[in-house]
Amino acid sequence: MNGSSFMRPAVILLFVAALAAAPFAVNQGLLFLIGIAMLQAMFALSWNLMFRYAGLASFGHAMFYGIGGYAVAAIIFHGFPLPFLLAILLSTAIGAVVAFVVALIVLQRAAGIQLAVLTLALSQLVLLFVSYTDFLGRDDGLSGLARPVLDFGFFTLDLRSPTAFYYFIMVAFALVTAGLLWFVSGRFGRVLLAVRIDSERAAFLGVDVRRKRIFVFTLAGAIASFAGALAAPWAQIISTDSMSWFNSAQPMLATLLGGAGSYWGPVIGAFGLILVNYFTRTFVGLSEFMVGGILLFVVLLAPSGIAGFFEMLRRMRNRTRTASAREHNQ
Amino acid sequence: MTAQIAFAAANGIVLGMAVFLVAAGLTLVFGILKVFNFAHGSFFMIGAYIAHAITGQDPSSLPYFLFAAFVAALAVGAMGIATDTLVLRRLSSVANDYTLIATFAILLLCDGATKMVFGQDIYAVYPPAVLDQTMDVGILLTYYSVFIVACGIIVFVLLELGLNRLWFGKLVQTVARDPWMAGVIGLRVQRLKLVSVGVSFALAGLAGGLLVANQSLSLSLGHSYLLLAFNSVIVGGLGSIRGAFVAALIFGLFESFNSLLLPSMPGTVSYMVLIAVILLKPEGLFPERT
């Protein structure tokens, strides 16, 4: 019996409890950052979905985060009479459609560096077009976005209150995380793993590799758009920074920091990154320096990330335990 | 109109050569280590900052300007040797994606360090007095832009000759093609790699020192050239100096004519060219012979 069977649910429960208690324990600034961390964690999970389950390292994933954000921001900014939930749904759908089209183009040549540069170039192109569009506020983006009030008929949810919006994000985060976990641990997830590990053999066994990859890319794009669509009203501003290649790197950093080999790695990494940024915020340049240094350290010494590090500790403990048990038997 | 076109063409060539100066080191590193170095632009930027720290705003003479660029090249080359021994060499057996992300980590490290050391101010550096004049050959050209083109061509010729004609270049090519076999026949693989990586990084520093007067010096300098240099290296064919040279020229001209013919959307055409080339000819214009 290994220790993780009850450890993991306990840790997750503790994590959820801590998130739920946050509005009563921390100030507004930190609460905002925790909200951002949850959105970044969703963003990173969607990136790792492609990376871990389809072997696709996209360098332009922020394109979808930005598209979702801009879609919601435009609806709010220009006052389209669309309920907030529908606006988010629409933004997610737009992100999914764009991701599907991009996947059709990009996955023609799904090979390492070409794929990296192709996704990077496409995201830059979208960024440039956005920055030339008056409707989307050109280089300045759209700011002063009003947070919405949700009207369900029998009750209203006032997201103008930071605490309410925080819980709204938390529920979305929980739903996405649980849904993705269910998705990847099922049959589809295992087929995808087979595609990543040996796409040729998977194809031989009758798996339509290209279709599976396109599906994963589309799903990842939709989730990233969803996260972006929540981020824009949470931050009340959207700018082209949200689709810059620097933002594209964030999910990669989070995934690697937390551990690409584990489902929870990107979540751990996203919160870790926010922590580093929070504690180094007063010193210009230090946060980048620290993040770069830590990431380099992780890649060099523990390529499986923080999650992998815990996994290794657990295995070592188990080994010593079985070894001592064996001694007892002799 | 003809004057405008001639002017755009001249600008394009100058931009192309500037991009080539940055791309040369990038493609060279790829040719040797098979590593696509995201941090290259940051090392270029560090070179520019070092040159500025030596010369100040107004370099007193052309030799002093060149001396500063040379010092920048040496310093950045040393950083490259450190990067190779501390990071890249250790990752040679790990999957490619991790190396890409490691170079991104180096990019962050360099950008953060540059911010801490040099601050966030924007500086202007002027070309030395000799180059800070214009000549009229139907269109107005600055001496400095001619100087950049000359530098680009010199670097190109030296690299082409060095890699394909000199004994050292042939050794480097051997090591790059088949490190194991090169080791068997008694070449010092690691040392040769180290020297050539040092040279590649030094090229980034040199480019920084030479191009520092081309526009204002700020923390976004690295990124502005980096993407164009990336594109040139990909379109030219990874690892090919000749390819990078031709592609940099193509991109320079496209950028320049883009601003002339489509002034409302600068910068978009080169990305479209890049995407088209990757889809139609993913190995680039001058693929490595295997």
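1. Conventions. The model is predicted, with local features needing pLDDT of at least 70 and side-chain atom pairs counting only at pLDDT 80 or more, while totals for chains, interfaces and linings use all residues. Residues are numbered from 1 along each chain as its sequence is written, chains are lettered from A in the order in which they are written, and side-chain values use heavy atoms, with hydrogens and water left out.

2. Interface of chains A and B. Between them the two chains bury about 4,000 Å², 85% of it on carbon and sulfur atoms; buried area is the accessible area (1.4 Å probe) that two parts lose on being put together, summed over both. Contact (heavy atoms within 4.5 Å) involves 41 residues of chain A and 44 residues of chain B.

3. Two or more residues come from each of helix 2 (28-54), helix 5 (112-131), helix 10 (245-258) and helix 12 (286-301) of chain A. Helices are DSSP runs (H or I, at least four residues), numbered from the N terminus. Helix 5 of chain A gives the most, with 12 residues. By class, this side has 33 nonpolar, six polar and two charged residues. Ala, Val, Leu, Ile, Met, Phe, Trp, Tyr, Cys and Pro count as nonpolar, Asp, Glu, Lys and Arg as charged, and the others, Gly among them, as polar.

4. Helices 6 and 7 of chain A. Helix 6 (residues 162-185) and helix 7 (residues 187-197) of chain A pack at an angle of about 65 degrees, their axes 4 Å apart. Axes are lines fitted to C-alpha atoms over the stretch in contact, and angles run from 0 to 180 degrees between N-to-C directions. Helix 6 of chain A contributes Phe183(A), Val184(A) and Ser185(A), which meet residues of helix 7 of chain A including Phe188(A) and Leu192(A). The residues of this contact divide into four nonpolar, two polar and two charged.

5. Ser232(B). This residue lies in helix 9 (residues 221-236) of chain B and counts as buried because its relative accessibility is 0%. Buried means under 20% relative accessible area, exposed over 50%, and partly exposed in between (1.4 Å probe, protein chains only). The Ser232(B) side chain reaches the backbone oxygen of Leu228(B) at 2.9 Å.

6. Leu260(B). Helix 10 (residues 241-261) of chain B holds Leu260(B), which counts as partly exposed at 24% relative accessibility. Not counting residues up to four places away in sequence, Leu260(B) touches Gln4(B), Ile5(B) and Ala8(B).

7. Salt bridges. The count over all chains comes to seven. One of them joins Asp198(A) and Arg201(A) (3.8 Å, N to O); Arg201(A) is exposed at 57%. Another links Lys281(B) with Glu283(B), the closest N and O atoms being 3.4 Å apart.

How values were computed:
A polar contact is a pair of N or O atoms within 3.5 Å; within protein, one must be able to donate a hydrogen and the other to accept it, and residues adjacent in sequence count only if both atoms are side-chain atoms. A salt bridge is a side-chain nitrogen of Lys or Arg within 4 Å of a carboxyl oxygen of Asp or Glu.
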